[in-house]
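Dear colleague,

I am handing over the structure below, and after it I set out what was found. Please read the notes alongside the coordinates.

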Amino acid sequence: MRVYVPLTLSGLAEAHRTGELGTGPFAAYAVTPALREWYASDDVEELEYAALSRAALASLRLLAADPGAARRRVVVAVDVPEGAAATAPGPEADPATLGEVSVAAAVPLAKAAAVHVDADDAQADVAAAADALEAADGGDGGAQSAVDATEDHELLWFATQEIANLVGQG
């Protein structure tokens with residue numbers, strides 16, 4: 001099962017240092033039945049992109065909680081064994097949790113398929129969105145526009161061999 005793990009660049013550096021993603025259990029995003037129903041598509045690539053986008057929003061939340069983190073969203077795509085990731089019991093009623101899964105245990109970074117990171121030119125919009133996130137959650141339309149502006153920036157794809165360079169250790 002492919003899951004998308006939201007991180008920051010410092011979180012990616014820690015995963016690179018330890019060789020593991022998360023300590024278990026940790027949150028990730030995947031194509032869940034509720035996400036499939038919400039997105040109303042049978043196209044697997046579209047559904048995986050929706051899960052990746054949910055993880056990018058979760059990465060933005062991590063950035064909002066860490067003002068010192070570099071203002072670039074990071075998502076690691078990793079394959080875990082079936083059953084290693086589970087949705088919460090019951091329906092996913094909160095739209096903010098669509099696609100969220102809990103991964104039971106740490107996952108070797110070597111299992112990662114790819115890393116997705118904002119380009120340098122996205123940093124200003126990502127910083128503004130991180131600053132506006134709390135107000136957007138409170139219903140502020142202007143703040144929500146700042147958060148939505150991050151969707152104009154596609155996350156770049158990087159091979160796992162490029163992680164050292166991404167975190168400044170290569």
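In this predicted model, a salt bridge joins the side chains of R17 and E14, with 2.6 Å from N to O; the term stands for a side-chain nitrogen of Lys or Arg within 4 Å of a carboxyl oxygen of Asp or Glu. Both residues belong to helix α1, where they are 3 residues apart, about one turn of the helix. Helices here are DSSP runs of H or I with at least four residues, strands are runs of E with at least two, and both are numbered from the N terminus. As a general point, an α-helix has 3.6 residues a turn, so residues three or four places apart point the same way. R17 counts as exposed at 59% relative accessibility, whereas E14, at 39%, counts as partly exposed; buried means under 20% relative accessible area, exposed over 50%, and partly exposed in between, with a 1.4 Å probe and protein chains only.

Residues are numbered from 1 along each chain as its sequence is written, and side-chain values use heavy atoms, with hydrogens and water left out. Because the model is predicted, local features need pLDDT of at least 70 and side-chain atom pairs count only at pLDDT 80 or more, while totals for chains, interfaces and linings use all residues.

To stay with α1, which spans residues 9–18, its buried residues are L9, L12, A13 and A15. They lie on the same side of α1, because they cover an arc of only 160 degrees around the axis, the arc being that of the directions from the helix axis to the C-beta atoms. Against what do these buried residues pack? Their partners are the strands β1 (2–7), β2 (20–21), β4 (74–79) and β8 (112–117), together with α6 (163–166), where contact means heavy atoms within 4.5 Å. After α1 comes G19, whose phi is positive, near 80 degrees.

D79 forms one with R2, the closest N and O atoms being 2.8 Å apart; since D79 lies in strand β4 and R2 in strand β1, the pair ties together parts that are 77 residues apart in sequence. D79 is partly exposed at 34% relative accessibility, and R2 is likewise partly exposed, with a relative accessible area of 31%.

Turning to the aromatic residues, a search of the whole structure finds 1 aromatic pair. W38 and Y39 form this pair, which is tilted, with 6.2 Å centre to centre and 50 degrees between the planes; rings of Phe, Tyr and Trp (its six-membered ring) pair if their centres lie within 6.5 Å, and planes under 30 degrees apart count as stacked, over 60 as edge-to-face and the rest as tilted. W38 is partly exposed at 48%, and Y39 is partly exposed at 33%. R54 lies over the face of W38, 5.3 Å from the ring centre, the criterion being NZ of Lys or CZ of Arg within 6 Å of the ring centre and within 35 degrees of the ring normal.
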